[in-house]
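Reader: I have a structure to go through with you. Could we begin with its pockets?

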Amino acid sequence: MTAVLQDDDRTTTATGAEPAPPGRPRPPGARLRRHLGRQWQLWALMAPAIAFTLVFAYVPMYGLQLAFRRFDFEAGLTGGEWVGLFYFEQFFSSPQFWPLLRNTAVISVSTLVGGFIAPIVLALLINQVVGRRRKRFTQTATYLPHFISIVVVVGMLQVFLSPSNGLVTQLLERVGITGVNFLGDPSSFVPVYVISEVWQHCGWNSIIYLAALASVDTQLYEAARIDGANRWQIIRNVDLPALVPTMVVLFILNMGGVLATGFEKIFLMQNTLNLPVSEVIATYVYKIGIVGNQFSYATAIGLFNTVVNFAFLLVANSVAKRVSSTSLW
Amino acid sequence: MTTSTPSATPTRSAGPAAALRRMRHQSPGDLAFAAFVGVALTAVVFATLYPIWFVAIASVSAPDLVQSGQVLLFPRGVNSFGYEQIFADARIWQGYRNTLTYAVVGTAINMLVTIPAAYALSRREFRARRVLIFFFAFTMFFNGGLIPNYLLYRDLGLLNTMWVFVLPTALNVYNLIIARAFFEHSLPEELHEAAFIDGASYFQVFTRMVIPLSKPILSVILLYYLVAHWNDFFTGLVFIRDADLQPLQVVLRDILLSNNVFAGGAGGAGGTGGGYGQQFADQIKYGVIIVSTLPVVVLYPFLQKYFEKGVLIGSVKG
């Protein structure tokens, strides 16, 4: 998931390499024809992927103009009359704006922090385990929840946290804590959301850190030990520095999602009691647009969200480039 | 990024503990540390697995014992009431059938679109590859959003058909990048050169050489796509109105979250909770969680090394 976008190997290999361009001018289109003569098969292999991406990713981007036009049922994706920033102004001045922004930011930043730290700690712990089978078992167990569907995870939250007969509620009653309602109490929405996210994805997200730790030269450990370092010091001075490049890249990618909360889980966890803290931009767009049929307004809100995320991604990337010379591109 | 090569899986490395053990020098501090690691990881594993285990035992235990907190580690009052109800519930099996259809058809399309493209992108002599990589990667960070997608599907006539489950998600860029990294770094270039000297075309090299040599990565990508289809809830919620087309996850939501537990629509004590009917409703819910998650959970330990491989390949530079 790291510097995947880089393509640092620009050299062409001997196979199929173009010969040096000839000196005299050629008729227009000749280069294209030569290129296709050699590489049309590669284009053919790419064609379905290009077609699907054009239709299902770039056509909707073209449809973003809907945010600046009044929706017209006949015109569909390209919209009707041009209204400029009307819908953006409507959103910024609506009473929903600040609560939505705050809820979205609180949930995603909390998830970002918890979801960022937990896998690092887990990877450092698993890396300390001696014995392949114990290590393997720990990994298998902690990756497992990643594959459970969101609907099931939220279903489990509801049966465990149910205020009348949930397992957690009952166990708390036994130790004398009564009257908790983790599902209805607005102040527990974010903790429940973040903890269940960490429960589900922490193990899976630790894989990439474990890979980085596996590449640490064991001589470094031995050298550190000879210098008298204890285990904590070895983690701090050998293991952690080995994780920094991975941490930076993942941090940048996470910054691109600073206002991107998972729609499905929040939507499923919403109820009338927690709605003041659980209504986020993504769920609001769904309700305004799909349920309420205000297509242009919902598109504008969605575009606002996408642009903020994209801006955060660009800023984080350029800061990281300057500070640590690690970046996405 | 300076992570490892795909071959350096975490398990294969000895790690610092083993390196230190080889030095036969365990101070009291080291032993305390090892104890701390053991306790912490045991707690983590317990916290991860216990909720799943509890759902499993609660699904076969007497509901009143579950409700009064007497079922904690092992099933008590074993009965199959919940599963009998579930097996008699047509909604669940309809959802299962739909999801299986979407997953199989969808994954087939995914593979046909992703793998050839990944191979083409892995060829260094492909002039357009840098531009095309940007063309794909850009869509990871910027998109049209919900409403333009919805209107596009409406205009294409995909709404309320099975195609909306399989066509818009035909290409996952992340999987494309993983597969491309594998083709580029794990297939020996000499094989290509030899094949091209013998006059083979790209198509021939791809079908006769690349595919047979790439079974590990093909399994990884296949499994990623299958799991994604299996767990897809959003598509059914937003783009499908017809109840007969709904996938398993939407049926699950009705049962687990909207509390429409009994097929007849009686509703477990009307959602008041704690009532006699609700006890049985909860048992059915536990059973439904198991029935819907079982395929993934049972297969998973056997396939885990493949899933993991996908993440590792994806993390390699390039």
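Reader: Which helix gives the most to the lining of the largest pocket?

Author: That is α7(A), with eight residues. Helices here are DSSP runs (H or I, at least four residues), numbered from the N terminus. The model is predicted: local features need pLDDT of at least 70, side-chain atom pairs count only at pLDDT 80 or more, and totals for chains, interfaces and linings use all residues. Residues are numbered from 1 along each chain as its sequence is written, chains are lettered from A in the order in which they are written, and side-chain values use heavy atoms, without hydrogens and water.

Reader: How many residues line the largest pocket, and which lie nearest its centre?

Author: The lining has 29 residues, and I195(A), S196(A), W199(A), A47(B) and P51(B) lie nearest the centre. A pocket is an open set of points on a 1 Å grid where a 1.4 Å probe fits, with protein on both sides within 12 Å along at least five of seven lines; lining residues have an atom within 4 Å of a point.

Reader: What classes do they fall into?

Author: The lining divides into 24 nonpolar, five polar and no charged residues. Ala, Val, Leu, Ile, Met, Phe, Trp, Tyr, Cys and Pro count as nonpolar, Asp, Glu, Lys and Arg as charged, and the others, Gly among them, as polar.

Reader: Changing topic, how do α5(A) and α14(B) cross?

Author: Their axes come within 9 Å and cross at roughly 10°. The two helices are therefore roughly parallel to each other, a term for angles under 35 degrees.

Reader: Which residues meet there?

Author: V151(A), V152(A), G155(A) and Q158(A) meet Q249(B), L252(B), R253(B) and L256(B), contact being heavy atoms within 4.5 Å.

Methods: Axes fitted to C-alpha atoms, helices over the stretch in contact; angles between N-to-C directions. Parallel < 35°, antiparallel > 145°, perpendicular 65-115°, else oblique.
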